[in-house]
Amino acid sequence: MKLSDTKATLSFSNGSPNVDLPVYQGSVGPDVIDIRKLYAQTGMFTYDPGFMSTAACQSAITFIDGDKGELLYRGYPIEQLATQCDFMETCHLLLYGELPNAEGKQKFSRNVTMHTMVNEQMQFFLRGFRRDAHPMAIMTGLVGALSAFYHDSTDINNPEHREVAAIRLIAKMPTLVAMAYKYSAGQPYMYPQNDLSYAGNFMRMMFATPCEEYQPIEVLVRAMDRIFILHADHEQNASTSTVRLCGSSGTNPFAAIAAGVACLWGPAHGGANEACLNMLYDIQRQGGVDKIGEFIKQVKDKNSGVKLMGFGHRVYKNYDPRAKLMQETCKEVLDNLGLHNDPLFKLAMALEKIALEDEYFVSRKLYPNVDYYSGIVQRAIGIPVSLFTAIFALARTVGWIAQLNEMIGDPEYKIGRPRQLFTGSTKRDIVPISKR
Ligand code: ACO
């Protein structure tokens, strides 16, 4: 980051002296006011619940221009990555900063492929879960448990450990998600098959059985790969910030990523894809397109607690570029499967159109986000609704680990420790229990 010629000056109405604060510029995006010495200089903290105006770190990985609806991974527009690269190239880009050449891609993919199996003992750990456990509950447990199985890659301060942990996490996530699915379906686990692509291998582990040959359908494999690319990173979102905060204590990478999985589960974040599809099912059950008006009325009623899931974003105040790409994939997949009249897709399109013309959504700049169409694609591929967020976690793992490694390599990194504005009771003495 570059020190700007501009300085910010903070003044107080009570006569306390002004404080000059340095301003830094990034390569693009808003400048930041450096408040690190503010407490030492003024005895005051800043107050910013939800981090509405706070940059918690510097990062060179992902940039979002929320007003333009632009998303760049290491400078490359998401549209180009989604149409010209695959997930392995995207992983290489996020982790190491550059797209690989053909040889580099082969080497990286091979490296990932060599780590796709998980310790055989993990299936016994998985067996401890109820068959009807939510896949995200299982994933939080399984990812955290990796640190108990791979002791040789848990030292966050050792670059070799970090590298091996990164590759292991990327490689093993599909295996773990597929195992969680097979466990709930009561089917035997399918071992990874390393001559398949990353997405093709995942589809096989999900949908094959030992009883017959499995041929992945190319268009569905491509759709899966695109889902992975679109979800791979998204700068300092809730789960990524969780991973950074968790990792800032020096904990091992598997534990930090497990914390990210737990955070992603919430319906305001990655859980929105599941919540969005359930919302569409609900509207369909109540009468479909004819009931959209009634549903929108509920959404606009602040007392109803109903939200239009898959809409709105903290950063995007324009169409989420990932939603556009996902809508394209949705059409391609449904057409290929002969489902172009899919009632749920039609309902989603009609609901989107009505919302985008409604003053409530227009004035608040609420547009579809990535989760709006991803559920319909995944459902068409045959993925159960409850697994959607686990697939998001699988794809986001590379972003989490790239961000975690970036943080550890940053000379300015410190344990994360937010401050508070205390509003509770001041010091008081305990009254003996008999007198309370
Ligand atoms: N439906 C209805 N109203 C909404 C929605 C929505 N989906 N999203 C925001 N609003 C309204 C809010 O009620 C608020 O209205 P007000 O100004 O009258 O109070 C206004 O729009 C601003 O919204 P905030 O909640 O302040 O925005 P914030 O940045 O805090 O939240 C969030 C962003 C959590 C994504 C929100 O838009 C939301 O809950 N969306 C639905 C869930 C969802 O799709 N999440 C996925 C996000 S993308 C991802 O994680 C992959």
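The buried residues of helix α6 pack against α5 (122-126), α7, α11 (253-264) and α18, where buried means under 20% relative accessible area, exposed over 50% and partly exposed in between, with a 1.4 Å probe and protein chains only, and contact means heavy atoms within 4.5 Å. This is a predicted model, in which local features need pLDDT of at least 70 and side-chain atom pairs count only at pLDDT 80 or more, while totals for chains, interfaces and linings use all residues. Residues are numbered from 1 along each chain as its sequence is written, and side-chain values use heavy atoms, with hydrogens and water left out. Helices (H or I, at least four residues) and strands (E, at least two) are DSSP runs, numbered from the N terminus.

**Helix α6**

- Helix α6 covers residues 135-149, and its 15 residues reach 20 Å from the first C-alpha to the last, which is close to the 21 Å expected at 1.5 Å a residue; the expected span is 1.5 Å times one less than the number of residues.
- The buried residues along α6 are P135, M136, I138, M139, L142, V143, A145, L146 and S147.

**Helix α14**

- The 16 residues of α14 should span 22 Å at 1.5 Å a residue, and because its end C-alpha atoms are 23 Å apart, the model agrees with that expectation.
- In α14, the residues that are buried are P321, R322, A323, L325, M326, Q327, T329, C330, V333 and L334.
- These buried residues of α14 are covered by elements including β5 (70-73), α2, α9, α15 (343-357), α17 (371-381) and α18 (388-409).
- Just after α14 comes G338, a residue that takes a positive phi of about 70°.

- Strand β1 (residues 2-10) and strand β2 (residues 19-25) run antiparallel and are joined by 6 bridges; two strands count as paired if DSSP finds at least two bridges between them.
- Together β2 and β3 form a hairpin that has 6 residues between the strands, and in its turn G29 has a positive phi of about 95°.
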